[in-house]
Amino acid sequence: MRHFYFDMIFTTIALAVAAWWGFSHSGMGGLISALSITAILAVMEISLSFDNAVVNASVLKHWDKFWKMIFLTVGILIAVFGMRLVFPIVIVSVTADMGMMDVINLALYNPTEYSAKLMAHHAEISAFGGMFLMLVFLNFLFGDNEVHWFDWLESRLAKFGQVDAMSVFVALAVLMVSLTWVHAEQKSAVLMAGVWGILVYLGVQVISGMLEGDIEEAEEDIEGGVPLTNNLADAGSAVMKGGIAGFLYLEVLDASFSFDGVIGAFAITNDVIIIMLGLAIGAMFVRSMTIYLVDKGTLDEFVYLEHGAHYAIGALAVIMLLSMKFHVPEIVTGLIGIAFIGWAILASLKHRKLEASKG
């Protein structure tokens, strides 16, 4: 429980603020409504993002204590205030050609119009997030994984992964198909947003690859007998850069997940303060779940959990693209993610029993 102490304190404070906000606007009825909606949004965010926590844990397990702390401090500030509050305001400001303060006033005092302006660009937001998540899924699926969940499928797809840029080819093909679901006047904007989603993913990978090269070079210097003072400094610098690259990757990944949560939240309420508080509670618990999974070695104990999370991410990517034309209830998105995670846990338990019987 120690992993979630701060989350409980934060939840208490957030619910108190939500209660005050609701009461100050609509009395006791507003207080009850604000508390219930905040709780619903928090649960929705957790259910939608549990697979995000698993994937985060697969990256975070290689980090040292310093970068884990950065993930829980600076990272949570970016996740809560940056992606759940500031980013939607920036989207409306840029697309509607309005000043930031005008958009903030619009969000606070005319939330219905603010919501309408944000939802008007739902297709572009979904294309960007959908393409980024699609590449996360495809690169895992086409990767050279030591463990296969669906061996008959994954072993064959791994062969396709040996072809250069296969995941990018598939992602672009999916993007082209998804363009047929939007109106003609939206196609260029959706295409551009989707391409940017692919470019951002590739950009993070390029940065990560370059910085990993720095780490390997520093390690080779150590083995080659370069003076210890120099190579330790180089190694420390490279590790710092590698941590930055991983941190950037996780923040962009979280941003892609948050799009779905933010858009879904506006289907429940137009109040940006309640939305931010509810999603912030969920985001805090997801971060703590990530650290919990790392500290407990859950990914090693449940061998298919990472697979289940990536399949859930693939499903979310498809749903985000489909949502450009079809309405997909948030409950469906959450249940699909939970179903894959639950299935993976059960399969992992079965695998563990089978291995134990062999031993």
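Visitor: Which way does α6 cross α8, right-handed or left-handed?
Guide: α6 passes α8 in a right-handed crossing, meaning the near helix is turned clockwise from the far one by less than a right angle. Helices here are DSSP runs (H or I, at least four residues), numbered from the N terminus. This is a predicted model, where local features need pLDDT of at least 70, side-chain atom pairs count only at pLDDT 80 or more, and totals for chains, interfaces and linings use all residues. Residues are numbered from 1 along each chain as its sequence is written, and side-chain values use heavy atoms, leaving out hydrogens and water.

Visitor: And what's the angle between α6 and α8?
Guide: About 140 degrees, with the axes of α6 (residues 122-141) and α8 (residues 166-178) 9 Å apart. α6 and α8 are therefore oblique to each other.

Visitor: Which α6 residues meet α8?
Guide: Met131, Met134, Leu135, Leu138 and Asn139. Their partners in α8 include Val168 and Leu175, with contact meaning heavy atoms within 4.5 Å.

Visitor: What about α13, how does α6 cross that one?
Guide: The axes of α6 and α13 (residues 305-322) come within 8 Å and cross at roughly 150 degrees. That makes α6 roughly antiparallel to α13 (angles over 145 degrees). The crossing of α6 and α13 is left-handed.

Visitor: Which residues take part in that contact of α6 with α13?
Guide: Among them are Ile125, Gly129 and Phe137 in α6, and Glu306, Tyr311 and Leu316 in α13.

Definitions and conventions:
Axes are lines fitted to C-alpha atoms, for helices over the stretch in contact, and angles run from 0 to 180 degrees between N-to-C directions. Helices (H or I, at least four residues) and strands (E, at least two) are DSSP runs, numbered from the N terminus. Angles under 35 degrees count as roughly parallel, over 145 as roughly antiparallel, 65 to 115 as roughly perpendicular and the rest as oblique.
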